[in-house]
Amino acid sequence: QVHVVESGGGLVQAGGSLRLSCASSGRTFSNYAMGWFRQAPGKEREFVAAITWTFGTTEYADSVKGRFTISRDNVKNMVYLEMNSLKPEDTATYFCASGRLGKDRRDYDAWGQGTQVIVSS
């Protein structure tokens, strides 16, 4: 059974930074990837970033390129999302997920409960 748990959300002013963390357990990681998605109230859940465990291959949504950085710690089985230059439109619940590298929700089959990020203007 795969467990995914996010942490690190909070309230931040526009232009500020936050780092989200994701702990994953219960799966052999070498063939898998971890992704971050977000969902704002009344909107669809959208892809943010993803990284493979083995080679650290990354993918980003265009809306966060240059501002967000995804990274992983293979020893601790942790994935991080460093978010800089935050904008009010980044406000959402952020979800971490385990699966295969991709930008589609269907690429991932284990999800955390989410952590809320609020960016004030």
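A salt bridge, as the term is used here, is a side-chain nitrogen of Lys or Arg within 4 Å of a carboxyl oxygen of Asp or Glu. The structure before you is a predicted model, and a search of the whole of it finds six salt bridges. I shall discuss three of them in turn.

Let me begin with E46 and R38. These two residues form a salt bridge in which the closest N and O atoms are 2.6 Å apart. How accessible are the two partners? E46 is partly exposed, because its relative accessibility is 37%, while R38 has a relative accessible area of 6% and is therefore buried.

I turn next to D90 and R67, whose side chains meet in a salt bridge at 2.7 Å, N to O. Which parts of the chain does this pair tie together? D90 sits in the loop between β8 (78-83) and β9 (92-99), and R67 in the loop between β6 (58-60) and β7 (68-73), so the contact links parts that are 23 residues apart in sequence. As for accessibility, both D90 and R67 are buried.

R106 reaches 73% relative accessibility and so counts as exposed.

Thank you for your attention.

How values were computed
Residues are numbered from 1 along each chain as its sequence is written. This is a predicted model: local features need pLDDT of at least 70, side-chain atom pairs count only at pLDDT 80 or more; totals for chains, interfaces and linings use all residues. Side-chain values use heavy atoms; hydrogens and water are left out. Buried means under 20% relative accessible area, exposed over 50%, partly exposed in between (1.4 Å probe, protein chains only). Helices (H or I, at least four residues) and strands (E, at least two) are DSSP runs, numbered from the N terminus.
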